[in-house]
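Hi,

Here is the structure I promised to pass on. My notes on the ligand site and some helix packing follow below it.

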Amino acid sequence: MYPDRVVSGMRPTGAMHLGHYHGALKNWIRMQSELPCLFFVADWHALTTHYDDPSIIETSTWDMLVDWLASGVDPSQSTLFIQSKVPEHAELHLLLSMATPLGWLERVPTYKDQQEKLKERDLATYGFLGYPLLQAADVLIYRATLVPVGDDQVPHVEMMREIARRFNHIYGKEKGFEEKARDAVKKLGGKRAKIYMELRTAYQEQGIVESLEQAKAMLDDAQNLSNIDRERLFGYLEGSRKLILVEPQARLTEASRLPGLDGQKMSKSYGNSIALREDKDSLTKKIRTMPTDPARVRRTDPGTPAKCPVWQFHVVYSDDKTKQWVQKGCTSAGIGCLECKQPVIDAIIKEQEPMHERAQQYLDDPSLVRAIVADGNDKARKLAQETMRDVREAMGLSYS
Ligand code: TRP
Ligand code: SF4
């Protein structure tokens, strides 16, 4: 009943690095041409771990947005917005919190993992416990069907599905639903009512999906039905409840194959990263000084690419011919490490050229980014408000 829609967010960590690009951003860029996408800066999520240090949120948000645009996220295809500018996320988060069992949140693996990893931070807060629930609100409020995330986030999407199911179960119930649905069937008129009931039986008893589709098409065409009756009849086809929230699915982002300069995971805080728009000289210097196979002390010592982080860069950036040249040259000490690194330097420079170009207009005129986001905020807000109307009604809050 609800069409495919993609939603994903990132915490405002500031300028992006190549790990982000080869991990998440390339995936977003691929999806935006296939499906309607909403991508947002999860600025509230930043506060769940760094509530005592909000000073960096603003600059990080704009820096990150410029990098999204530079990398090819296209505002004419995707909706780009900022979480805190769509306050409906907070309302849904609050309402969902009423019926969310504490155990569900305590059992999310990132809860304990992060508390152990980030020992220096105070994560014994209500906000941090609620992190995955806020994330659920981010997605459910758009009735998104697909959520591109890394594998650490898959349990969060699992929980979103449970939250949506529970919500529909508790609040999708209408007093006297069966009776009202049967009255609505009568309003279809004798012949159509009969066909509707036959299609419903065919779907419910034999799982014939075409029957379901046919019945839905018939409801779409039934002019004399009120919207509420049509909703009921949609719900009656699949069970005896209204579908208010949609269960989303994780679309796994392939882990970035690009490690940091030292072979560990690329991360700004490890000091091993290359920015998405690195300055040419600094890029060249970083690659030229990056560590290689420790066994190659002298130029005449043969090496093993599998033990060298530079090789991982060749895997991502080089064609087969270059890779063969590296394998042969390294193991026979036929090439030097600086020589080996040059094609990587050239490839990254080439990859970054269009990014520098795209970014330039936004750096020259920051109001362009503001305008793109203002437009995105409006679009997102409209969608969020539609869902919230249904949520409030289902929860008995639409009185005045
Ligand atoms: N938790 C995500 C992360 O740390 C960021 C995020 C917040 C998100 N809300 C979301 C991702 C909604 C996908 C959908 O990467
Ligand atoms: Fe690494 Fe290349 Fe040097 Fe071999 S030749 S150790 S792959 S940089």
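Starting with the ligand: the shell around ligand 1 splits into six nonpolar, five polar and two charged residues (nonpolar being Ala, Val, Leu, Ile, Met, Phe, Trp, Tyr, Cys and Pro, charged being Asp, Glu, Lys and Arg, and polar the others, Gly among them). Before you read on, this is a predicted model, where local features need pLDDT of at least 70 and side-chain atom pairs pLDDT 80 or more, while totals for chains, interfaces and linings use all residues. Residues are numbered from 1 along each chain as written, chains are lettered from A and ligands numbered from 1 in written order, and side-chain values use heavy atoms, without hydrogens and water.

Of the 13 residues around ligand 1, the nearest are Arg11, Tyr131, Gln135, Asp138 and Gln153 (a residue counts as near if one of its heavy atoms lies within 4 Å). Ligand 1 has 370 Å² of accessible area on its own, and the protein covers 88% of that (Shrake-Rupley, 1.4 Å probe).

Which element gives the largest share of the shell? That's helix 8, with four residues (helices are DSSP runs of H or I, at least four residues, and strands runs of E, at least two, numbered from the N terminus). Strand 1 (6-10) and strand 4 (146-149) also give two or more residues each.

On packing, the axes of helix 8 and helix 9 (residues 154-171) come within 9 Å and cross at roughly 70° (axes are fitted to C-alpha atoms over the stretch in contact, with angles from 0 to 180 degrees between N-to-C directions). So helix 8 is roughly perpendicular to helix 9 (65 to 115 degrees).

Cheers

Conventions: Angles under 35 degrees count as roughly parallel, over 145 as roughly antiparallel, 65 to 115 as roughly perpendicular and the rest as oblique.
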